[in-house]
Amino acid sequence: MITYSRKFYSTSSSLSYIPKQLSQYNPTPTSIPFSQLQQQLSLLESHLVSTLDACTTLAQIKQVHTHILRIGLDQCCFVVTKLVRTLANLNVPMEPYPRSIFDQVKYPNPFLYSAVIRGYSVQGPLSESIRLYGLMRRKGIGPVSFTFSAILKACGALPEVSLGKQMHAQSILIGGFCSDVFVRNTLIDMYIKCGFLECGLKVFDEMPDKDVISWTELIVAYAKRGDMEISRELFDGLPVKDMMAWTAMVTGFAQNARPREAIEFFERMQDAGVGTDEVTLVGVISACAQLGAAKYADWIRDIVEKLGPVSGHSVVLGSALVDMYSKCMRVEDAYKVFEGLKDRNVFSYSSMIMGFSMHGRTDAALKLFNEMVKTETKPNRVTFIGVLTACVHTGMVEEGLSIFDSMEKCYGVKPSADHYTCIVDLLGRAGRLKEALELVKTMPIEPHGGVWGALLGACRIHGNPDIATIAASHLFELEPNGIGNYIILSNIYASAGRWHDVSWVRKLMRRKGLKKNPGCSWIEPKKGVIHEFFSGDMTHPMSSEIKRVLMDLLDRLEANGYQPKLSSVPYDVCDEEKRRILMTHSEKLALAFGLISMNPGCSIRIMKNIRICEDCHLVMCGASQIMEREIVVRDNMRFHHFSNGTCSCGNFW
């Protein structure tokens with residue numbers, strides 16, 4: 001008989017971890033009736049399994065294993081299966097200990113085989129799982145659902161779709177598993193992870209019975225692919241919607257930049273009385289951050305507070321709240337949340353640093369960064385993006401270059417293409433375009449679209465069509481359908497009076513079927529309905545009053561020396577038409593509506609889907625002085641805080 005090596009288990013007689021009822025068991029009773037013995041044995045097996053459930057260290061498991069050997073239950077598949085699974089759950093390598101336990105069992109049942117197969121599927125090699133599966137089939141031992149699920153999960157993780165398809169066929173040929181919900185759900189998951197979503201959908205369609213996991217797996221998969229309409233159809237067809245299904249929809253819409261639908265589904269989830277967890281809350285917080293509406297920010301904060309004080313929640317949730325308040329133009333509230341966090345890590349620090357950066361609070365961002373490095377919290381790549389962005393937004397070139405140089409030397413963070421984007425942006429905005437271009441050409445890594453986009457944006461600021469042409473040519477290859485690149489190049493050519501080149505870019509856009517997204521701004525005058533305005537659209541119910549207030553404001557600004565920035569209109573039209581187009585830019589319409597609907601002295605907060613133009617920036621500066629009120633505009637690049645005729649960006653954006 002093969003014996004266990006002493007290195008695998010303890011032979012100590014002091015079995016401190018074994019419960020009293022197990023240690024007192026006599027494996028060789030003399031006068032107990034068979035039925036009573038059988039009952040005692042069954043009870044003993046249950047006690048052993050419960051004891052293994054409570055094991056948290058290898059030493060404890062070895063004590064239990066010693067006792068299993070002493071009382072002669074090393075051939076009991078029920079107990080040994082639990083022993084192998086417990087070892088695997090503690091990440092004990094399958095070779096040699098768990099495998100040796102399995103090899104000692106003369107007649108392993110399918111559950112024991114499945115436990116070992118699962119262990120190899122998780123730890124590898126997968127080939128050993130397949131070899132054991134073949135061995136059990138040759139011995140005439142039929143697999144159970146756990147056998148298939150273990151191998152299929154490994155196929156999805158690797159991914160190995162070819163092997164997964166073979167196991168799919170096995171589950172059909174052997175019989176009994178075509179209607180097994182557990183196996184079918186694992187098949188769906190395997191096909192999704194291997195990139196064969198349609199195969200997963202076919203498995204789903206052929207299932208006679210489906211549970212909420214079946215539906216939710218596909219909802220999540222289509223959401224990740226961006227097909228939210230299919231996700232919605234699947235969700236609507238789900239008979240019973242649990243928290244996981246609702247969360248999948250909330251996070252799906254948030255991740256696909258559809259914040260209104262995300263918030264709508266979260267509201268429906270609340271109305272349905274379905275509980276929420278951290279994943280749900282992070283998803284809806286992300287949606288609120290995208291929308292930038294204070295109304296929703298406070299509402300979500302109240303929901304979080306009902307679950308317990310923010311300081312007691314996870315760092316992930318706290319960091320998400322910091323990001324949300326920053327993007328809702330309430331950076332002071334963001335900092336209050338940050339200060340109140342019981343635990344802080346690199347993510348919470350990075351969120352707050354980025355919040356300060358977006359609002360032009362460079363000094364605060366750098367101060368917090370310096371505080372962070374004095375703690376045990378090590379900055380990561382995101383932290384440096386936040387710090388470098390702060391330098392970009394205020395034109396602190398030398399400071400930014402110094403921080404960039406220190407990344408790898410002092411903190412071991414190798415600069416990525418995103419960090420080079422910040423430096424190209426920093427140099428470009430400062431007018432050092434040739435230096436920025438040379439940096440791009442000599443980068444140790446391949447520049448991505450963000451790097452060339454930063455250079456193209458700098459060319460727009462400084463009116464350099466030649467370098468813009470170089471940057472755009474790379475962008476047209478990297479991002480052939482990125483309409484913003486075509487528009488920026490067209491605008492640069494228009495500002496330089498190169499109308500022939502403007503015509504060429506527009507023809508290129510038409511040939512590719514690209515259409516410009518209209519400028520859109522929205523404002524929340526009171527905690528209630530959000531009002532949207534599109535450039536050139538005068539269909540708002542209060543359009544007449546908006547036009548009157550706007551014209552009066554522009555007259556007052558012109559009396560103070562304001563002259564419309566006609567170059568902000570990239571069309572070859574007369575000056576009068578350019579003035580008309582400028583007057584109906586969406587942020588100006590939102591500003592006029594804010595002046596009408598909000599009490600004097602209240603801050604006006606405007607969100608915009610694209611970058612604010614130079615003319616609107618001039619108007620906001622002047623309006624903040626004439627109307628004696630703060631105006632905050634969040635465009636797709638940053639926040640602009642206008643007060644007393646100046647902007648937080650220092651006209652450096």
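Start by selecting Ser145, which counts as buried because its relative accessibility is 14% (buried means under 20% relative accessible area, exposed over 50%, and partly exposed in between, with a 1.4 Å probe and protein chains only). Ser145 sits in helix H8, residues 145–157; helices (H or I, at least four residues) and strands (E, at least two) are DSSP runs, numbered from the N terminus. Now show the neighbours of Ser145: leaving out residues up to four places away in sequence, it touches Phe177, Asp180, Phe182 and Val183, where a contact means heavy atoms within 4.5 Å.

Before you go on, a word about what is on the screen. This is a predicted model, in which local features need pLDDT of at least 70 and side-chain atom pairs count only at pLDDT 80 or more, while totals for chains, interfaces and linings use all residues. Residues are numbered from 1 along each chain as its sequence is written, and side-chain values use heavy atoms, with hydrogens and water left out.

**Zoom out**

Show the whole protein chain and colour it by secondary structure: there are 33 helices and six strands. The radius of gyration is 32 Å, well over the 26 Å that the globule rule gives for 653 residues, so the chain is more spread out than a compact globule. (That radius is taken over C-alpha atoms, and the globule rule is 2.2 Å times the number of residues to the power 0.38.) Along the principal axes, the C-alpha atoms fill a box of roughly 110 × 55 × 50 Å. Of the 653 residues, 51% count as buried.

Residues 109–143 are 77% helix and 0% strand, with end C-alpha atoms 9 Å apart. Residues 242–276 are 74% helix and 0% strand, and there the end C-alpha atoms are 10 Å apart.

Stay there and pick Glu261, in helix H15 (residues 259–271). Not counting residues up to four places away in sequence, Glu261 touches Arg232 and Phe253.

**Into the cores**

Which residues have the most contacts inside the largest nonpolar core? Select Leu48, Val84, Phe266, Ile300, Met324, Met352 and Leu455, out of 170 residues in that core. (A nonpolar core is a set of buried Ala, Val, Leu, Ile, Met, Phe, Trp, Tyr and Cys residues joined through side-chain atoms within 4.5 Å.) Centre on Met352: beyond residues up to four places away in sequence, it touches Val322, Ser326, Val331, Ala334, Tyr335, Phe338 and Leu368. A second, separate core has 32 residues, including Val549, Leu554, Cys616 and Met620.

Now try Met551 in helix H30, residues 543–559. At 41% relative accessibility, Met551 is partly exposed. Draw a distance from Met551 to Ala592: the two are 41 residues apart in sequence and 9.3 Å apart in space, C-alpha to C-alpha.

**Last stop: cysteines**

How many disulfides are there? The count is zero, taking a disulfide as a pair of cysteine sulfur atoms within 2.5 Å. Select Cys410, whose nearest cysteine sulfur, that of Cys391, is 15 Å away; Cys410 is exposed, with a relative accessible area of 56%. Then select Cys613, where the nearest cysteine sulfur, that of Cys616, is 3.6 Å away. Cys613 counts as buried, at 11% relative accessibility.
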